[in-house]
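Open the model in your viewer and keep the sequence panel beside it. We will go from one selection to the next and look at what is there.

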Amino acid sequence: MSRLFSPLTIRGRTFSNRAWVSPMCQYSATDGLPDDWHLVHLASRAVGGAGLVFTEATSVSPEGRISPADTGIWSEEHTAAWRPIVDAVHRHEVPIGIQLAHAGRKASTGAPWLNRGTVPGDEGGWPTVAPSAVPFGSYAVPRALTVPEIQQIRRDFVAAARRAADAGFDVVELHAAHGYLLHQFLSPLANQRTDEYGGDFAGRTRLALEIAADVRAVWPQDRPLFVRISASDWAEGGWDLDQSVQLAGLLAERGVDLIDASSGGVVHDAKVPTSPGYQVPFAAAIRAKAGIPTAAVGLITEARQAEDIIAAGEADAVLLARAALRDPYWPLHAAAELGEDVLTGPSAWPVQYQRAISG
């Protein structure tokens with residue numbers, strides 16, 4: 001039996017397999033509201049056999065969006081817009097997760113096919129904020145957050161988690177990776193504060209730990225809470241794996257159920273040695289040393305590659321991004337390649353499509 005296609009239960013949710021769809025920005029929302037594009041995009045991955053489907057990074061406030069076209073969940077209007085999408089994924093008996101995020105100094109940027117730089121105010125952009133007034137590469141210089149503003153961001157995450165529960169999401173993931181706000185607080189390359197939210201490890205991790213505890217307190221106890229981190233900045237003097245292991249253990253103490261282990265994104269000129277599965281060792285080390293389940297990401301494209309990661313105990317799940325964009329039915333194709341039954345059971349093709357594979 002394939003380990004990739006074995007079930008996994010976390011709290012009150014059982015995932016039929018461990019091939020999950022990673023959060024992927026679509027740059028297609030209006031005023032943070034998802035629409036039919038998001039419904040078709042996410043539901044098609046559920047039809048494709050994923051064990052869990054994540055939304056893109058979904059902002060807890062208007063100014064926390066990566067781009068003006070990112071999704072959000074900062075009002076009841078957003079909650080209502082997400083409900084039919086959640087229902088569409090649930091119709092296929094697949095759990096759906098929402099990734100809650102704030103982009104910090106990497107906010108107010110253009111869609112990749114338009115402009116990756118800062119969007120000016122007369123084109124729909126806005127001033128950005130960060131732990132310190134340190135820009136990301138050539139992006140606009142952010143304003144350093146005050147402590148009262150940091151406390152408001154904590155409340156924004158809590159309010160967003162409540163709305164996510166109301167919308168019916170099964171999993172919440174906190175985005176503390178890829179150079180966005182919570183990662184900016186973690187990394188000494190972006191955080192130059194000298195108050196209680198900066199300086200040493202305890203200060204730099206304070207906000208991430210506070211938000212994890214805040215969200216766990218309001219997120220239903222039978223629903224899992226994940227955190228995505230960048231396990232390495234790939235830059236001298238930056239955040240690294242040892243700190244990630246320590247943080248993972250502290251997050252577990254606060255009720256976090258799984259660490260989604262990615263890397264990079266906090267400095268624009270990092271030298272990242274990319275290769276197939278290059279980030280899997282981060283998931284493996286955190287799983288072994290912190291004693292918390294992990295998900296592996298990063299150039300995982302082949303069925304046997306994903307199977308070997310799970311079978312070797314390097315991670316509890318794999319998260320697919322570009323592979324899932326190229327092929328919405330990647331899990332179904334992988335199940336067939338690994339010898340799973342494609343006509344009956346949890347790895348079966350939808351009955352509407354089976355005539356395409358049964359002769």
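Which residue forms a salt bridge with aspartate 316? Select arginine 287: the closest N and O atoms of this pair are 2.8 Å apart. A salt bridge here is a side-chain nitrogen of Lys or Arg within 4 Å of a carboxyl oxygen of Asp or Glu. The two residues link distant parts of the chain, 29 residues apart, with aspartate 316 in the loop between helix 8 (303-311) and strand 12 (317-320) and arginine 287 in helix 7 (residues 280-290). Aspartate 316 counts as buried at 10% relative accessibility, whereas arginine 287 is partly exposed at 30%. For these words, buried means under 20% relative accessible area, exposed over 50%, and partly exposed in between, using a 1.4 Å probe and protein chains only.

Before moving on, a note on what you are viewing: this is a predicted model, in which local features need pLDDT of at least 70 and side-chain atom pairs count only at pLDDT 80 or more, while totals for chains, interfaces and linings use all residues. Residues are numbered from 1 along each chain as its sequence is written, and side-chain values use heavy atoms, with hydrogens and water left out.

The whole structure holds 13 salt bridges. Next, select arginine 13 and aspartate 222, whose closest N and O atoms are 3.6 Å apart in a salt bridge. Arginine 13 sits in strand 2 (residues 13-15) and aspartate 222 in the loop between helix 5 (201-218) and strand 9 (225-230), so this pair ties together parts that are 209 residues apart in sequence. Helices (H or I, at least four residues) and strands (E, at least two) are DSSP runs, numbered from the N terminus. Arginine 13 is buried, at 16% relative accessibility, and aspartate 222 is partly exposed, at 39%.

Now pick glutamate 76 and arginine 163, which meet in a salt bridge at 3.2 Å, N to O. Glutamate 76 belongs to helix 2 (residues 76-90) and arginine 163 to helix 3 (residues 147-167), so the pair ties together parts that are 87 residues apart in sequence.

**Along strand 4**

Finish with strand 4 (residues 52-59), where eight of its eight residues are buried. Two bridges join strand 4 to strand 3 (residues 19-21), and the two run parallel; for strands to pair, DSSP must find at least two bridges between them. Look for tryptophan 20 opposite leucine 52 in strand 4. Strand 4 is also joined to strand 5 (residues 96-101), by five bridges and again in parallel. Here serine 59 stands opposite alanine 101 in strand 5. Follow the chain from strand 4 through helix 2 to strand 5: this β-α-β crossover is right-handed, meaning that, with the strands pointing away from the viewer, the path from the first strand over the helix to the second runs clockwise.
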